[in-house]
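Welcome! Take a moment to look over the sequence and the 3D picture, and then let us walk through them together.

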Amino acid sequence: MTDESPAAFDAAWDRFTSWLAVHSPIDHAALRPPATAEGIAVLETRLGFPLHPQLRALLQQHDGVVEHPEPDNFHAGAFLPLGHRLSTTDRIAREHEWLVHEREIIAVGREEDDLYGHAHQWVPFAHSNDGGIAFVDHRPGPTYGHVHEMGIGSGADATTWASCPADLFGRLAASLETGGPFQSSWPMPHGLPSGQFCLVWSTCPRTESGGIRDWPPPRRPASPLRPASPTRRGLGRKIATLVPSPAPQAPRTTVVDVIAPVGPFHTSGVVVNGSGDSADAHR
């Protein structure tokens with residue numbers, strides 16, 4: 001049975017972020033300070049129910065990541081599978097409000113008593129560059145605390161990532177430590193124009209001469225990550241009204257002397273690149 005206590009989450013989170021601090025400091029630098037007790041209380045008021053204890057523990061560690069990094073650091077902080085980045089308390093509340101508003105559309109063609117009929121009880125704690133969300137199921141019962149990922153508007157089913165947040169970050173940490181896959185994605189170094197590397201997840205195994213390639217030597221960020229201009233346009237699939245808010249546009253990057261994807265891979269196996277003119281229509 002999975003331990004769903006805050007202490008279990010803290011242990012898994014420390015293991016995950018310790019790896020980031022050593023091997024991908026640019027990702028670690030993207031983490032924001034902890035959410036305040038007042039901010040968490042406001043979030044729970046807007047949700048209308050208490051947060052899962054481990055999701056609250058996550059926010060007590062960090063209130064998401066830098067939302068719109070400088071162009072050189074676009075991928076920094078999007079260190080979860082499928083290019084997801086942790087959301088702030090305010091974004092969680094806004095995206096939950098959108099889920100409540102659109103829950104009937106999300107449930108179209110599905111059984112009302114299953115996961116899709118209860119979008120108002122999803123708490124989206126991370127968002128991807130292409131409009132997807134990772135969320136914690138807050139329905140009472142045996143599914144309480146389960147972590148899922150779903151490409152909103154893609155028509156694809158939700159994928160279960162873990163039984164709780166501690167299970168998720170424990171499994172991600174194990175993947176980072178061994179080079180093995182998390183579900184069908186492998187951890188990969190992604191080269192930035194600055195010469196730094198950040199973490200992305202690929203549907204292709206990270207190999208070189210039949211063995212796991214060593215992670216490149218880390219380089220410390222020259223300065224703290226800073227929000228870029230809010231005028232940057234969004235990136236992602238054109239999925240009409242089923243996008244709660246636009247995501248930032250990634251600049252084109254050239255990866256030199258490293259086996260790494262151009263950008264976050266998705267279940268379609270298609271790379272989402274820095275072009276704002278095209279989109280992957282199938283998740």
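Predicted model: local features only at pLDDT ≥ 70, side-chain atom pairs only at ≥ 80, totals over all residues.

Residues are numbered from 1 along each chain as its sequence is written, and side-chain values use heavy atoms, with hydrogens and water left out.

Let us begin with the overall build. The protein has six helices and 11 strands; these are DSSP runs numbered from the N terminus, with helices being H or I of at least four residues and strands E of at least two. Of the 283 residues, 52% are buried, where buried means under 20% relative accessible area with a 1.4 Å probe, counting protein chains only. Contact here means heavy atoms within 4.5 Å. Among contacts between residues at least 6 apart in sequence, 62% join residues at least 24 apart.

Now find helix H3 (residues 37–47) and helix H5 (residues 89–106), which pack at an angle of about 0° with their axes 9 Å apart. The axes are lines fitted to C-alpha atoms over the stretch in contact, and angles run from 0 to 180 degrees between N-to-C directions. H3 is therefore roughly parallel to H5, a label for angles under 35 degrees. On the H3 side the contact is made by Gly39, Leu43, Arg46 and Leu47, and the H5 residues include Thr89, Ile92 and His96. By class, this contact has four nonpolar, three polar and four charged residues. Ala, Val, Leu, Ile, Met, Phe, Trp, Tyr, Cys and Pro count as nonpolar, Asp, Glu, Lys and Arg as charged, and the others, Gly among them, as polar.

Stay with H5 and look for Ile106, which lies in this helix. Is Ile106 buried or exposed? Ile106 counts as buried because its relative accessibility is 9%. Leaving aside residues up to four places away in sequence, Ile106 touches Trp98, Leu99, Tyr116, Ala119 and Trp122.

The structure holds two cavities of 30 Å³ or more. A cavity is a set of points on a 1 Å grid over the protein atoms alone where a 1.4 Å probe fits but cannot get out; lining residues have an atom within 4 Å of a point. The second largest cavity has a volume of about 30 Å³, the space filled by probe spheres set on the points, which are joined across faces, edges and corners. Helix H4 (residues 53–61) gives the most to its lining, with three residues.

Conventions:
1 Å grid on protein atoms, 1.4 Å probe; cavity = no way out; pocket = protein on both sides within 12 Å on 5 of 7 lines; lining within 4 Å. Parallel < 35°, antiparallel > 145°, perpendicular 65-115°, else oblique. Buried < 20%, exposed > 50% of the residue type's maximum accessible area, 1.4 Å probe, protein only.
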